Amino acid sequence: MVFSSLEFMYLFMPPVLVGYLLLRHWGWENGIIWWLTIASLVFYAWWTPIYLPLLLGSVVINYGFHRILRQIRDKFILVAGICFNLALIAVFKYADFFIGNANLMSGADIPLLHLALPLAISFFTFQQISFLVDTYKGEISECDFPRYMLFVVFFPQLIAGPIVMQKETIPQFRLPVFRNKLVLNLAVGGTLFAIGLFKKIVLADGIAPYANGVFNLAETTGGVPFEAAWIGALAYTFQLYFDFSGYCDMALGLARMFGIRLPVNFNSPYKATSISDFWRRWHITLSHFLRDYLYIPLGGNRSGPWRRYGNLMITMLLGGLWHGASWTFVFWGGLHGAYLAINHGWSALSEKGYVPNVLPRSVGLFLSRALTLLAVVVAWVFFRAESFAGATNILHGMTGLSTVYEPKLWEGLVTGTAPIWAGLICLAAIVFLLPNSIEFTEKYNPILGLKKFAAQRRSEGFLPVRWQPNARWAAAVSILFGVALIQTYRLAEMTEFIYFNF
């Protein structure tokens with residue numbers, strides 16, 4: 001079950017909301033916690049019931065480590081807990097990757113395990129690792145099992161994030177939060193959900209066939225034409241943007257319907273002025289996790305610039321591997337590691353006065369954003385491609401090195417490429433000219449940490465479009481939701497969110 005499915009909207013959410021409203025009316029705090037927990041487990045089991053015991057076992061064992069760490073703050077116990085979580089990921093997500101590479105290097109013929117990837121394993125293991133580390137540091141004094149379990153399995157953030165910390169959500173699992181501003185919570189949450197559904201079904205899934213067509217061509221032929229390569233790369237760039245942005249909006253909206261605010265996970269990353277800025281805007285909670293639990297423990301920037309660059313590269317290589325058991329993901333992470341090292345090196349030279357700033361500020365901002373976006377688009381090619389050969393074919397086409405001409409490329413899609421470019425321009429206008437969903441509902445506190453978010457946003461100059469809880473905006477949002485719902489009925493099959501595969 002995915003947020004954008006008819007089963008979710010018609011069969012799952014209505015009874016869950018009704019049960020919550022009844023328990024809220026009766027003032028039964030523990031009842032709400034257990035109701036949301038059971039609903040979350042049903043949500044998870046609907047997709048892959050065979051792995052529900054794995055999720056439950058992970059929750060119980062990690063809570064056991066937490067209780068032991070509270071009594072005996074021993075580093076060995078912490079390491080054992082972390083190893084347990086990493087072992088789950090290693091077995092279920094990376095076993096065949098490791099076996100395949102071992103066979104390739106040694107010439108052996110070890111059989112692959114062919115284990116299905118448990119849904120959300122990367123997210124709920126990382127979340128529980130952070131909980132154990134916070135327990136070891138003494139940042140968690142007391143947490144009962146029901147709240148811990150809901151912290152891990154809460155369905156709006158279970159499948160693809162955000163990766164939430166205990167200090168962000170567990171304190172919210174209280175009756176005063178559940179009973180606060182019901183009508184406003186439903187209005188804000190419903191608005192975010194409708195916007196996210198439109199982004200996913202209409203925008204992301206609408207542009208996906210063009211990206212799929214080009215990348216499939218790159219895997220099956222010797223090259224890709226120049227125009228097709230750029231269309232494919234840009235189509236995937238916007239598909240991924242609206243797919244992940246749509247998911248984040250829907251997750252925030254669903255949580256808000258129950259009075260819970262989640263941390264922001266997406267903040268207009270294509271408006272970034274540098275790669276460092278990009279990673280402060282894209283999958284923000286993953287960036288924070290990698291920074292706090294990998295980059296800083298490795299030494300961060302405390303041991304000189306070269307050690308810093310090495311730590312950045314290790315962090316991003318592992319971040320790439322986290323996204324999938326493939327060398328193309330690792331290479332994508334390595335590219336961003338190199339980008340970050342260059343970015344920090346350039347900044348250091350600028351601070352020392354070795355790089356003169358002769359351009360007007362507006363020109364400099366435009367060029368920095370354009371260069372950052374170009375670097376991101378090139379890296380996305382490796383993120384999307386199924387092989388290095390496919391990625392290379394796309395890049396050869398983008399640079400004009402490919403001499404391949406494929407007249408049947410657009411057969412079954414459109415006649416000519418003008419409509420595709422018009423669509424890409426429209427998507428670009430939405431990305432760069434309109435406020436994102438958090439800015440759109442900013443006045444009504446849609447996320448945790450809104451003040452920090454607003455401080456970063458004020459200098460970017462967006463069009464002044466803001467949502468209000470009134471009939472006019474309700475009608476506009478209802479139209480978006482209706483269009484998305486009609487398109488959902490038309491889909492031949494439901495498409496997953498891209499990050500569901502990680």
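How much space lies in the largest pocket? About 1100 Å³. The views below come from a predicted model, in which local features need pLDDT of at least 70, side-chain atom pairs count only at pLDDT 80 or more, and totals for linings use all residues. Residues are numbered from 1 along each chain, and side-chain values use heavy atoms, without hydrogens and water.

**View 1. The largest pocket and its lining.** A pocket is an open set of points on a 1 Å grid where a 1.4 Å probe fits, with protein on both sides within 12 Å along at least five of seven lines; lining residues have an atom within 4 Å of a point. Here 38 residues form the lining, and Arg280, Ile284, Ser287, His288 and Arg291 are the closest to the centre. Helix 13 (284-298) is among the elements that give two or more residues. Helix 13 gives the most, eleven. The lining holds 16 nonpolar, eleven polar and eleven charged residues.

**View 2. The second largest pocket.** Its space is about 840 Å³. Of 24 lining residues, Thr273, Asn343, Trp346, Ser368 and Leu371 lie nearest the centre. Helix 15 and helix 16 (361-384) each give two or more. Helix 16 gives the most, with nine.

**View 3. Lysine 93 in helix 4.** Helix 4 covers residues 75-106 (helices are DSSP runs of H or I, at least four residues). Lysine 93 is buried, at 10% relative accessible area (buried means under 20%, with a 1.4 Å probe and protein chains only). The side chain of lysine 93 lies 2.6 Å from that of serine 122, a polar contact (N or O atoms within 3.5 Å, one able to donate a hydrogen and the other to accept it). A polar atom of the lysine 93 side chain also lies 2.3 Å from the backbone oxygen of tryptophan 322.

Definitions and conventions
Buried means under 20% relative accessible area, exposed over 50%, partly exposed in between (1.4 Å probe, protein chains only). Grid points are joined across faces, edges and corners, and a volume is the space filled by probe spheres set on the points. Ala, Val, Leu, Ile, Met, Phe, Trp, Tyr, Cys and Pro count as nonpolar, Asp, Glu, Lys and Arg as charged, and the others, Gly among them, as polar.
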